[in-house]
Each structure stands twice: as C-alpha cells, then as structure tokens.
Amino acid sequence: MVAPLQRGFDLPAEKIIPGVYPVMMSNGIGAYHNEYKVKGPGVVTGRSGTIGNLQYVESAFWPHNTTLWVTKFYGNHPKFIYYLYEKIDLKRYKAGSGVPTLNRNDVHDTMVFFPASRKEQELISAVLTYLDDLITLHQRKRLWFAK
C-alpha cells in the first residue's frame, strides 16, 4: 500500500471551537477549530457527497468524517501522493445512488506504477505545482480582465 486512506473524525458543528486549524470537509475547509487531529502536510478527499475533490493541506488539520485522509506516506513525497491520487481519478470509485460514497478499500486495491525515488517524486511535484500555479495565475488574469 502506497498511501492508505482512512475515514475522518466526527466533529459536530456545535462542538467546533473557533481556532486556527482547518476542518477539512468533503468540499474544502468547512471551519477552523482550536484542535487538530493530523499534522501536515496531508492529502484529503471527499468520502461522501463530494467525491474525488482532492485537497493538499500544508498545516495541521482536522479531517472531518465526510472525508478520507492519507494516514501514512511511507517515505513518499506528500505532494506527489496528492498528484498521484488526482491522476487515479477517485470519482470513478463512487458508489451509492442517493449520496455518493467513496469506499477506501476499492482505492487500496488499485495498482499503480510510480517512481520509487523520493527525489524524482519531488521534482515531478515541483513541476506540477508550478504548472498549477501558472494556470491559477492565468485564470485570475482572465477574471480580472473580464470585469
């Protein structure tokens, strides 16, 4: 197993105490809490509702029970694992007709080939991050000029 996923932790809305740690929900940051469950960096995806919406988190965070999060990177570069899961396209594993759900065991059974060298993983991640940042910059420019 390269980067196992685990269900997030329960945190009812009435138990959230405002703080600095993001509460990662299936569709992004849902709140900020005064405690965290996971030290960053981390990779989180929607488990129910929004499937395959991957998020890379640099800081400590609380993965909500609507998410799955990577519990261990086994020496792999965390940002590379983020891009690897993005490439796998987790949406294809959704099940259920009412509220789509992602079963982590289906994902764990997926066979993938990737560079074992952490240095190569870091280089690949750096290039992909640069391209993501460049795309975001051009999208912002387009929105600014559209005003």
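In β7, T45 has L68 as its bridge partner. The strands β4 (residues 42-46) and β7 (residues 67-70) run antiparallel and are joined by three bridges; two strands count as paired if DSSP finds at least two bridges between them. Strands (E, at least two residues) and helices (H or I, at least four) are DSSP runs, numbered from the N terminus. The model is predicted: local features need pLDDT of at least 70 and side-chain atom pairs pLDDT 80 or more, while totals for chains, interfaces and linings use all residues. Residues are numbered from 1 along each chain as its sequence is written, and side-chain values use heavy atoms, without hydrogens and water.

**Sheet**
- Four strands form an open sheet in the order β1-β7-β4-β5, with antiparallel pairing.
- β1 (5-7) and β5 (55-57) are at the edges with a single partner strand each, so one side of each has no neighbour in the sheet.
- On average, neighbouring strands are turned by 30 degrees against each other, direction ignored.

**Helix on the sheet**
- α1 packs on the sheet and touches β1, β4, β5 and β7, where contact means heavy atoms within 4.5 Å.
- The direction of α1 makes about 170 degrees with that of β5; axes are lines fitted to C-alpha atoms, for helices over the stretch in contact, and angles run from 0 to 180 degrees between N-to-C directions.

**Largest pocket**
- The largest pocket is lined by 13 residues, and V2, V107, H108, T110 and V112 lie nearest its centre.
- A pocket is an open set of points on a 1 Å grid over the protein atoms alone where a 1.4 Å probe fits, with protein on both sides within 12 Å along at least five of seven lines; lining residues have an atom within 4 Å of a point.
- α1 gives the most to this lining, with four residues.
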